[in-house]
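Let's take a walk through this one, starting from the inside and working out to where the chains meet. Have the viewer open as you read.

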2 protein chains.
Amino acid sequence: MKKERSNQGGSQNLLKRLNRAKILGLLRSHGSLSRTELASLSGLDNKTITNIVNHFTETHVVVSAGQMKSSSGRRKEHLKINTDYSYAVGIDIGASHITVTLLNLEGRPAAEKHHSYRFGLSGKIILEKLLSLTRALLDEAKLGPGRILGIGFTAPGFFDKERGIWKTAVNITGWESLPIRDLLSRHFGADVYLQDCSRSMALAEMWYGEGKNLDDFILLDLGQGIGLGIVIGGSLYEGAGLKSGEIGHLVVDPDGRMCTCGNRGCLESIASGTAIASLVQEEIGKGTRSKVVDLVNNHIDEITAADVVEAANLRDPLAVDVLGEAGRMIGKALSYAITLFNPESVIIGGQLSKAGPALLDPLLDSARRFTLPQLFGDLSIKLSGLGFLSASIGAATIVINDKIFGS
Amino acid sequence: MKKERSNQGGSQNLLKRLNRAKILGLLRSHGSLSRTELASLSGLDNKTITNIVNHFTETHVVVSAGQMKSSSGRRKEHLKINTDYSYAVGIDIGASHITVTLLNLEGRPAAEKHHSYRFGLSGKIILEKLLSLTRALLDEAKLGPGRILGIGFTAPGFFDKERGIWKTAVNITGWESLPIRDLLSRHFGADVYLQDCSRSMALAEMWYGEGKNLDDFILLDLGQGIGLGIVIGGSLYEGAGLKSGEIGHLVVDPDGRMCTCGNRGCLESIASGTAIASLVQEEIGKGTRSKVVDLVNNHIDEITAADVVEAANLRDPLAVDVLGEAGRMIGKALSYAITLFNPESVIIGGQLSKAGPALLDPLLDSARRFTLPQLFGDLSIKLSGLGFLSASIGAATIVINDKIFGS
């Protein structure tokens with residue numbers, strides 16, 4: 001149903017958020033500025049600047065940076081972000097990793113914890129691990145009460161934002177309808193925000209990465225699953241049921257393998273990290289020789305996509321074949337997203353974005369081949385530079401957006 | 001590049017537009033209302049209501065409906081839309097039709113002209129025809145100066161909004177880089193607005209059709225070409241280069257027929273009205289028997305998609321086969337759009353939306369089969385009720401939006 005768009009209060013809150021974000025953005029990029037400089041750089045009037053600065057100083061977001069000479073020679077009070085006063089926590093969980101990041105008010109990771117585990121670990125153990133890892137991070141940071149703004153939680157799958165429930169976490173068993181918001185909130189005494197991981201990565205790009213100067217872009221998340229974070233008009237597009245961007249479930253090969261979703265030939269069943277590892281395992285099981293076997297010391301069932309990438313770099317034919325087919329299929333699905341969205345830019349992130357030419361060359365070739373030429377010509381395709389912290393940074397950013405910019 | 005999102009003036013203009021649209025929407029649905037009633041129904045304060053009503057009466061959009069008794073028993077001045085004071089013109093042009101509609105301020109077509117021609121007519125003749133048809137419509141309506149708000153022009157293909165140029169009109173020869181805005185503006189002395197036809201249809205649905213109560217929906221336009229109009233957060237999504245929604249150019253069969261775009265196996269090369277007609281022509285040329293031959297009195301080269309639909313209703317096997325394959329391919333491409341956008345609703349419009357079960361049953365079956373079950377379950381799929389005026393109504397709506405709601 002249509003949300004109330006003509007709501008005056010809503011639009012004024014939006015304006016307030018945008019102006020606050022603008023001021024903090026200026027302080028972030030300039031280091032410190034006077035009120036006059038803030039007014040002239042932002043184009044906002046003095047009264048608005050005063051309101052915003054008062055709000056930020058009362059909430060300890062901004063502090064005085066002392067008196068500094070302005071260009072006119074007069075000394076004026078400068079303001080700066082109170083960087084290490086408070087922090088947002090971002091928790092990113094996947095089928096084989098947990099990452100917890102402490103993000104300061106300048107959007108920089110102040111501390112982080114990362115833990116990898118084998119695909120298939122039980123949801124119960126993953127949950128325990130995530131609680132202890134987050135607790136350890138907070139303990140080491142020695143932050144008193146009120147200095148944690150909140151927790152952003154991100155995972156693959158579907159969630160209910162209103163009720164704070166993670167409905168389905170792809171590839172994590174026992175996480176059906178998990179009341180993760182209340183659970184984390186009770187454990188850490190903080191407000192908790194939920195978001196899908198590909199969308200969190202897109203948020204991180206929008207604020208700190210390749211998406212900083214873009215209105216419309218898509219973030220292709222190549223990991224154990226494959227997802228798409230969509231930014232339209234400078235905002236995350238979540239879809240009517242918070243289910244947008246399920247590019248991993250485009251059926252690219254109707255006669256292909258069964259996917260976990262119940263359909264056949266989804267992109268994820270051919271090209272996700274999980275699929276790449278299991279395809280190589282199967283081929284080796286059938287007797288195909290591969291350098292991957294040596295890389296894992298004959299522990300075939302421990303092969304990961306990273307091992308396949310390593311073998312491809314050694315020109316192992318099986319690894320090159322499997323990554324090549326994955327790349328071609330990802331490129332085809334990406335062409336569909338480009339043709340429908342006409343984004344300014346595609347940012348490729350996630351663990352497999354580091355796979356190099358064995359995956360990326362066929363991916364780009366196939367994206368070019370299948371995309372309407374007029375759309376491909378205008379497009380820039382970039383690799384994310386944010387690394388493995390990306391989704392947790394994005395999740396923490398949701399907290400900052402709400403607590404600092406919100407009303 | 002990022003547009004200025006934090007612009008205070010921009011947000012306030014947006015607010016003004018939304019409030020004006022709200023007031024006009026209330027008058028449209030209630031017939032007439034007093035200022036007090038407008039305030040209470042809109043939730044806006046008296047000062048805002050006064051400003052809007054003054055703006056609307058000065059511009060002749062709203063007039064007095066006389067004094068009427070209110071619920072308190074006191075007589076108050078009522079206001080109503082000045083329905084027949086001014087009009088917007090919508091011109092919709094395609095590979096085989098021109099439609100020109102005069103839209104009144106209540107969003108109802110007051111007059112229209114429609115002309116069909118054979119696919120392949122030269123762009124020069126189409127242009128002459130569109131000018132004479134529009135001139136005839138305006139002459140018959142006997143509208144004095146200042147009573148035409150402007151002209152909305154819509155066609156398939158790519159355009160340059162800033163320079164007012166139609167860059168490529170699919171299937172119309174000789175329309176490369178046509179300066180259509182200046183041309184129409186010179187001829188009719190009116191401001192001219194350009195938009196792609198599938199997006200115009202989505203706009204018409206948003207204001208007057210199945211999209212009225214929806215925030216996020218997609219309009220699947222099945223005509224001589226196949227396009228997608230995308231509404232996100234209650235606004236048209238045009239894409240970074242005004243090229244969003246090119247669903248007709250998703251490659252659904254990489255080994256398939258050459259498409260006019262240069263790629264192979266695009267949806268349009270199998271399932272557009274043009275493709276359906278030419279596939280049937282080819283099969284008949286190869287000796288396949290079909291009832292279509294009788295329907296066109298043996299003029300095989302004059303077969304249209306409408307003839308194929310008619311033959312399918314008579315259970316002609318060739319027609320049923322061709323429409324079935326078209327439907328399956330459209331359904332597959334639609335599943336991609338649903339899986340990426342997660343819309344609340346899909347509205348199917350365009351001439352071929354009237355093709356009935358021979359096309360729509362396989363279309364829906366295939367959309368269901370290929371869409372991630374969690375996304376398909378939430379979705380409603382509807383047929384457009386706006387008919388062949390849809391794109392021209394949408395185009396005229398752009399004029400009303402800008403002239404009446406704009407600043």
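**From the core to the interface**

Keep in mind that this is a predicted model. Its largest nonpolar core has 120 residues, and the members that touch the most others are I247(A), F341(A), I247(B) and F341(B). Zoom in on I247(A): leaving aside residues up to four places away in sequence, its contacts include L220(A), I226(A), G227(A), L228(A) and L267(A). A333(A), L334(A) and A337(A) are on the list too, and so is L340(B), from the other chain. There's another core apart from that one, with 44 residues, including L44(A), V61(A), F217(A) and L389(A). As a bit of background, nonpolar side chains tend to be buried together in soluble globular proteins.

Now for the interface. Here 61 residues of chain A are in contact with 61 residues of chain B. The area buried between chain A and chain B is about 5,400 Å², with 56% of that coming from carbon and sulfur atoms.

What about the polar side of things? Between chain A and chain B there are 22 residue pairs in polar contact, counting pairs with both residues at pLDDT 80 or more. On chain A, the elements that each supply at least two residues to the side touching chain B are α1 (8–30), β12 (226–232), α11 (317–341), α12 (357–370) and α13 (373–377). The top contributor to that side is α1(A), with seven residues. By type, the residues of the side of chain A that touches chain B split into 26 nonpolar, 20 polar and 15 charged.

As for salt bridges, the rule finds two across the interface of chain A and chain B. D378(B) forms a salt bridge with K243(A), where the closest N and O atoms are 2.7 Å apart.

Methods. Residues numbered from 1 in each chain as written. Chains lettered and ligands numbered in written order. Predicted model: local features only at pLDDT ≥ 70, side-chain atom pairs only at ≥ 80, totals over all residues. Heavy atoms only, no water. Contact = heavy atoms within 4.5 Å. Buried area = accessible area lost by both parts, 1.4 Å probe. Salt bridge = Lys/Arg side-chain N within 4 Å of Asp/Glu carboxyl O. Polar contact = N/O pair within 3.5 Å; in protein donor to acceptor, adjacent residues only side chain to side chain. Helix = DSSP H or I, 4+ residues; strand = E, 2+ residues; numbered from the N terminus. Nonpolar A, V, L, I, M, F, W, Y, C, P; charged D, E, K, R; others polar. Core = buried A, V, L, I, M, F, W, Y, C linked by side-chain atoms within 4.5 Å. Buried < 20%, exposed > 50% of the residue type's maximum accessible area, 1.4 Å probe, protein only.
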